[in-house]
Amino acid sequence: MQFHPATENTDSPNVAAFYEKASGSWQYVAWCPDTKKAVIVDPVMDFDPAAGATWTWSADEILAYVRDQGLDVEWVLDTHPHADHFSSASYIKDQLGGKPKQAIG
């Protein structure tokens with residue numbers, strides 16, 4: 001995980017970046033340092049094509065981070081259709097009690 005704190009500009013969010021090696025995908029959690037309202041961007045559902053199996057390690061890492069930071073996730077966003085991996089947006093939404101809105105670009 002890489003953490004990028006907000007700049008001195010009060011409109012800047014904190015951003016944590018998570019790299020998923022199998023698909024080469026970056027996932028992000030961005031949040032307001034004042035309100036702790038957050039967005040999760042491009043969360044990956046881990047997938048083994050040879051086994052035809054999925055699992056949630058990457059999503060669970062993000063969820064643990066969200067909980068550790070005390071964040072209030074408002075949105076789970078997929079910025080584009082993913083040809084190289086599955087999205088874990090629905091899983092994350094379910095794990096957060098269905099509260100976050102979900103969207104795709």
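Is Glu74 buried, partly exposed or exposed, and what is its relative accessibility? Glu74 counts as partly exposed because its relative accessibility is 22%, where buried means under 20% relative accessible area, exposed over 50%, and partly exposed in between (1.4 Å probe, protein chains only). The model is predicted, so local features need pLDDT of at least 70 and side-chain atom pairs count only at pLDDT 80 or more, whereas totals for chains, interfaces and linings use all residues. Residues are numbered from 1 along each chain as its sequence is written, and side-chain values use heavy atoms, with hydrogens and water left out.

**The sheet and its helix**

- An open sheet of six strands runs in the order β1-β2-β3-β4-β7-β9 with mixed pairing; strands (E, at least two residues) and helices (H or I, at least four) are DSSP runs numbered from the N terminus, and two strands pair if DSSP finds at least two bridges between them.
- The edges are taken by β1 (2-4) and β9 (101-104), each with a single partner strand, so one side of each is left without a neighbour in the sheet.
- On average, and with direction ignored, neighbouring strands of this sheet are turned by 20 degrees against each other, the axes being lines fitted to C-alpha atoms (for helices over the stretch in contact) and angles running from 0 to 180 degrees between N-to-C directions.
- Strand β2 pairs with strand β3 (residues 25-31) in the antiparallel sense over seven bridges, and within this pairing Phe18 has Gln27 of β3 as its bridge partner.
- Helix α1 (residues 57-69) packs on the sheet, where it touches β1, β2, β3, β4 (37-41) and β7 (72-78), and its direction makes about 15 degrees with that of β3; contact here means heavy atoms within 4.5 Å.

- Asn14 lies in strand β2 (residues 14-20) and counts as buried because its relative accessibility is 10%.
- With neighbours within four places in sequence left aside, Asn14 is in contact with Phe3, His4, Pro5, Ala6, Val29, Ala30, Trp31 and Pro33.
- Tyr19, also placed in strand β2, counts as partly exposed at 44% relative accessibility.
- Together with Trp26 and Tyr28, Tyr19 forms a nonpolar patch on the surface with about 290 Å² of accessible area; patches are made of residues with over 30% relative accessible area and no salt bridge, like charges being joined within 9 Å and nonpolar side chains (Val, Leu, Ile, Met, Phe, Trp, Tyr) within 5 Å, and accessible areas come from the Shrake-Rupley method with a 1.4 Å probe, only the protein chains shown counting as cover for residues.

**The salt-bridge network**

- The structure holds four salt bridges, each defined as a side-chain nitrogen of Lys or Arg within 4 Å of a carboxyl oxygen of Asp or Glu, and Lys37, Asp72, Glu74 and Lys99 are linked in a network of such bridges.
- Asp72 forms a salt bridge with Lys37, with the closest N and O atoms 3.1 Å apart; Asp72 lies in strand β7 and Lys37 in strand β4, so the pair ties together parts that are 35 residues apart in sequence.
- The side chains of Lys99 and Asp72 meet in a salt bridge at 2.8 Å, N to O; because Lys99 lies in the loop between α2 (89-95) and β9 and Asp72 in strand β7, the pair ties together parts that are 27 residues apart in sequence.
- Glu74 forms a salt bridge with Lys99, the closest N and O atoms being 2.8 Å apart, and this pair links distant parts of the chain, with Glu74 in strand β7 and Lys99 in the loop between α2 and β9, 25 residues apart.
- Asp72 is partly exposed at 26% relative accessibility, Lys37 is partly exposed with a relative accessible area of 42%, and Lys99 is partly exposed with a relative accessible area of 45%.
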